[in-house]
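Here's a quick tour of a few spots worth a look. Have the sequence and the model open as you read.

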Amino acid sequence: MSEKEVVVSADGHILEPTDLFVTRLPRHLRDRAVWEDDFEIEPLVDGGARIFRRLHTSGFEGWTISRYRQTSGRMPEGDPDRILEDLDLDGVDAGVMHPNLSLFGLYSDDHELSMAHARVYNDYIIERFTPYFSRLAPTAPVPITDVDDAVAEIERVAAAGFRGILLPAIPPQPYHSADFEPVWAAAQHNGVHVFFHCATGGVKVKDPDSSTLRTVMQMADQVNRPMDGKLASQRMMTQCVYNTINPQQIIIDLLSGGVPERYPDLHFSLIEFNAHWLASLVGAMEKAWMTGIGQDADWWLGYWDDSRAPDDQPKMARMFRMNERWPYPLRPSEYVRRQFHVSFSDDPVAVACRHITGVSTIVWGSDYPHAEGTFRGSQELIATQFADVPSAERAAILGGTMGRLLGFEAPVASSRT
């Protein structure tokens, strides 16, 4: 590894204390707080997990996971020193850190409840993690169900030293909406960049049947079913198609609303969506706004109304005319290359497509400490997946891009060699 290569993980998680919200929320909201409890069982399989953690929150009541298997079997709740020990172990210089299970309680249709959780979490980060901001860059969750409150929270966390805000992947209204203009203006003015993490937003506290807890239940059902053609199809449709719709929608809505054009200094990072789909999206967006070679620009299609004059046919249209009506000075791909970053953990296709998407559009993250990430194996992954990548491009993807964005430009002092 070059001495100048800085490894910055764009995707890590701070495990909140399990009672953080039940002890700090306003008293009238504590009975609806996000909280967690641990319980121990006999292993479900030989040598399997014994300690499980259950989540309690609107729309996700009963979400249960086995304990993350840290090197010593412990959990790093609320302990930045232990997080740094783990980063050192994994060969990571600095980390962008997002909330953990509180993600499922921060963005609901109950604005008072969501904003109260966000303020408690952000206060906790300020109190506990501020001395570690040289190596850890926590993102500040900001619910956007009330724009004025969102702007006030952006100003507050920026003044406290946050470098990024975390907005929901499923917003209360599309991101092309002009209603969010004050949010983008506040973010750029206060020097914080925008992050979106997968599986956030869309929780309806009074309609649990509509929550994404159903998705978890369906996943368990699929794993426990015998494999057949239907199950194989469901698995691939979920992984290959449905999981890629949300991040593509975010990018398309922001571009369509002209947000990157109006706020050229604002960057948007999409976290834990992988990035193999990005090359296809960039190509398709370009195709949507050009008339190709051999295509007839004067091709008409529609409904001919014999009751109207030939020069008064509002249902007829010159179809390729839409291709020339992209409303902004840069092409979609140019905005993506300039201001968007999509994180991946283990995605050789994203790395192979870097010259289509732009090297700066893909950034690596370990998803620490989650079981689906690369923690404890990041160096092995990097050695394998970047074996044939030129050093300058490798350095940009592994940390140069995110490091420059968040101020980790120089090698970070750590105990690792």
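Which helices and strands do the buried residues of H5 pack against? They pack against helix H4 (147-159), strand S7 (164-170), strand S8 (193-201), helix H7 (229-256), helix H8 (259-262) and strand S9 (268-271).

## Ground rules

This is a predicted model, where local features need pLDDT of at least 70, side-chain atom pairs count only at pLDDT 80 or more, and totals for chains, interfaces and linings use all residues. Residues are numbered from 1 along each chain as its sequence is written, and side-chain values use heavy atoms, with hydrogens and water left out.

## Helix H5

Helices (H or I, at least four residues) and strands (E, at least two) are DSSP runs numbered from the N terminus. H5 covers residues 181-189, and its buried residues are Val183, Trp184, Ala186 and Ala187. Looking down the axis of H5, these fall within an arc of 165°, so they line one face of the helix. That arc is taken over the directions from the helix axis to the C-beta atoms. "Buried" means under 20% relative accessible area, "exposed" over 50%, and "partly exposed" in between (1.4 Å probe, protein chains only).

Just after H5, glycine 191 has a positive phi of about 70°.

## Serine 108

Serine 108 sits in the loop between strand S5 (94-99) and helix H3 (111-129). Its relative accessible area is 8%, so serine 108 counts as buried. Leaving out residues up to four places away in sequence, serine 108 touches Ser114, Thr145, Val203 and Val205; contact here means heavy atoms within 4.5 Å.

## Glutamate 42

Is glutamate 42 buried or exposed? Its relative accessibility is 59%, so glutamate 42 counts as exposed. You'll find glutamate 42 in the loop between strand S2 (35-40) and strand S3 (51-56). A polar contact of 3.4 Å links its side chain to that of arginine 50.

Glutamate 42 and isoleucine 170 lie 128 residues apart in sequence, and 38 Å apart in space from C-alpha to C-alpha.

Technical notes
Polar contact = N/O pair within 3.5 Å; in protein donor to acceptor, adjacent residues only side chain to side chain.
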